[in-house]
Amino acid sequence: MGQDKTQQQKKRLNPKDLWRIALLILGAIALVQQLRKPAEERTWQGTVAGFMPYDFRRPTAERLRDAYWNPDGPIITNKAIGLGWTLNLGAIKKRMIG
């Protein structure tokens, strides 16, 4: 009986697993969106499902800095590469110090 309960717990998806699956699906949709466009119109950046930002371009030092260390920017920014948002540590530090 104890083994049955353990096996049932293993079969259930926890919220972390569901979030990963959702991100995987949204990433795949974003990729398909870009691949459906003619090659010359592909930007490899945009939003998927009307709200989730993505950027599949090769990251540059400027985009990385703007996303992760921009004291004058917002606290939450779009990721420099990938799907979703990230914390702008420069903005957080500036607001903490004053």
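**View 1. The hairpin of strand 1 and strand 2.** In this hairpin, three residues lie between the two strands, and A49 takes a positive phi near 60°. The model is predicted, with local features needing pLDDT of at least 70 and side-chain atom pairs counting only at pLDDT 80 or more, while totals for chains, interfaces and linings use all residues. Residues are numbered from 1 along each chain as its sequence is written, and side-chain values use heavy atoms, with hydrogens and water left out. Strand 1 (residues 45-48) and strand 2 run antiparallel and are joined by four bridges; strands are DSSP runs of E with at least two residues, numbered from the N terminus, and two of them pair if DSSP finds at least two bridges between them. T47 has P53 in strand 2 as its bridge partner.

**View 2. Strand 2 and its pairing with strand 4.** From strand 2 (residues 52-55), M52 and Y54 point one way and P53 and D55 the other way, and all are buried, that is, under 20% relative accessible area with a 1.4 Å probe and protein chains only. Strand 2 is also joined by two bridges to strand 4 (residues 82-83), and these two run antiparallel, with Y54 standing opposite L83.

**View 3. The aromatic pair of F51 and W85.** Two aromatic pairs are found in a search of the whole structure, where rings of Phe, Tyr and Trp (its six-membered ring) pair if their centres lie within 6.5 Å. One of them, F51 with W85, is stacked (planes under 30 degrees apart), at 6.4 Å centre to centre and 25° between the planes. Because F51 lies in the loop between strand 1 and strand 2 and W85 in strand 5 (residues 85-87), the pair ties together parts that are 34 residues apart in sequence.

How values were computed
Buried means under 20% relative accessible area, exposed over 50%, partly exposed in between (1.4 Å probe, protein chains only). Rings of Phe, Tyr and Trp (its six-membered ring) pair if their centres lie within 6.5 Å; planes under 30 degrees apart count as stacked, over 60 as edge-to-face and the rest as tilted.
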